[in-house]
Amino acid sequence: MSVLPETHSCPRLARRRFLWGSLLGAGLAVRPVARAAADSQLPSTEIRLALLLGNRNYPQPFDLPPIPKNLRDLEAVLERRGFKVTSALDLDLPAARRALEVFIAEAAASPADATVFFYFSGHGVQVDASNLLLPAGLNPSAKGELLQNSSMQLLSDVVRRLPARREGMIIAVVDACRTGLRAGELVGLNQVEAPPGCLITFSTGAGKPAIAPAVETQNTFYTGSLVKLMGSVSDQTTFPELMQLVRSDVRETMLNHPVAAIRQLAQDPFIADHTRVRLNVEPKRAGAVAPAAPDIDEDAVLKKLEQLAWPAEVVQVAEDFLKARPESPFAPGVQVARDGARSALKALQRSDVRLYRSAFSFNPDMPAEQRQDLLRCGRGDKDAAARMAWRVRGQNTGGYGSSAAQSRYEGWMQFAVALGNGIASYELALHFRNTGQPLLASQFEARARDLGYTPPPDLDNVRK
């Protein structure tokens, strides 16, 4: 994570000096819901657990002054949303692993519908396609082998060890620098796939560092937006919708910042969503007063929206709803659906995406998870699009079965790539290589790297 105004840079990031004002400038305006403050005093009927790890203390010039405030502010807003929070600052690797083991054990003992929230803020690096979370005291400019042996790996050490939540949700949030170390390596942690039931978010995307003020009184951009919106969005906003709103807020705040250098370093947060249940930011509470019935049939419109997969229809219904009820507590979620559908439409209009409206049609025998993924595809979900492609491949164990099936597989993968899925792009490169289309293979391999995906060394060696 890079520090401004006197930039404590990530490796190879130039030092700069800036004079600048508030971190949170022109962002997404969300009106607080007055009832939430009163209801938050009532006991939650849900189990929600959170572990927050933040590291400020790194060898100079890599220290990160905003991290303590990040932890304090996020802990406060999570507690208001019904979480039992464990917060730890500046742990070395053994202490961080002990804290994680206790948290994993507590999560394992919780009900199947529990919500598990993991947050890390500090330095992060990519080494040999693995995403590393650096403990306090470790120099981010150290050699890759030392970093691998002295850090936690996001997926293998954290996400995949948390017990699967069939009826609940695992949320992993990383507000870190995301810097590669090798000469010529792309800046940015590697793209990841979220396991079933999991939502993973990074504070910035491939090719962009996360930046922070060099003072203790301000948050980093990403955590500042997360804290603000988690405390102010309506109770009916889901966690995936919240993360999409945070993503938009971070981009808008930085792109409209008065300091030109900050606008140039504007972050575009990364989201990998494979959640299976609808989980609102505000938990169910014993004795909570139900909201007053709306004077229009919002439920009917929302039900219609939830049944639409074709992006153009999603955009139209969502825009009509937002015009009629801009102050509805459901408006943030509808806005996310509309914006995602716009991204899907833009992707479908690309000349290198051969996917048509018929692919977004339901059939009576479609499994529930496939139906859910198809709905997400209509809202621009890059990971759901890849899963649709994998189903086409999996349904034809002896190859693709037909040229039509192969074309459908390629179409869904092209759609996933157009939405920003670097993993899908690399898989498509391997597919085209195996089917004797080296030019397309080369194009999609280059696209994968442009999107920030670095294949694991063993896959890369096999390919070569």
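**Exercise 1.** Determine whether Phe415 is buried or exposed.

*Solution.* Phe415 has a relative accessibility of 0% and therefore counts as buried, where buried means under 20% relative accessible area, exposed over 50% and partly exposed in between, with a 1.4 Å probe and protein chains only. The model is predicted, so that local features need pLDDT of at least 70 and side-chain atom pairs count only at pLDDT 80 or more, while totals for chains, interfaces and linings use all residues. Residues are numbered from 1 along each chain as its sequence is written, and side-chain values use heavy atoms, with hydrogens and water left out.

**Exercise 2.** Classify the ring pair of Phe360 and Trp412.

*Solution.* The structure holds 9 aromatic pairs, a pair being rings of Phe, Tyr or Trp (its six-membered ring) with centres within 6.5 Å, stacked if the planes are under 30 degrees apart, edge-to-face if over 60 and tilted for the rest. For Phe360 and Trp412 the centres lie 5.3 Å apart and the planes stand at 55°, so the pair is tilted. Phe360 is buried at a relative accessible area of 4%, and Trp412 is buried at 1%.

**Exercise 3.** Classify the ring pair of Phe360 and Phe415.

*Solution.* Here the centres of Phe360 and Phe415 are 5.9 Å apart and the planes are at 85°, so this pair is edge-to-face. Ring pairs link Phe360, Trp412 and Phe415, together with Trp310, into a cluster.
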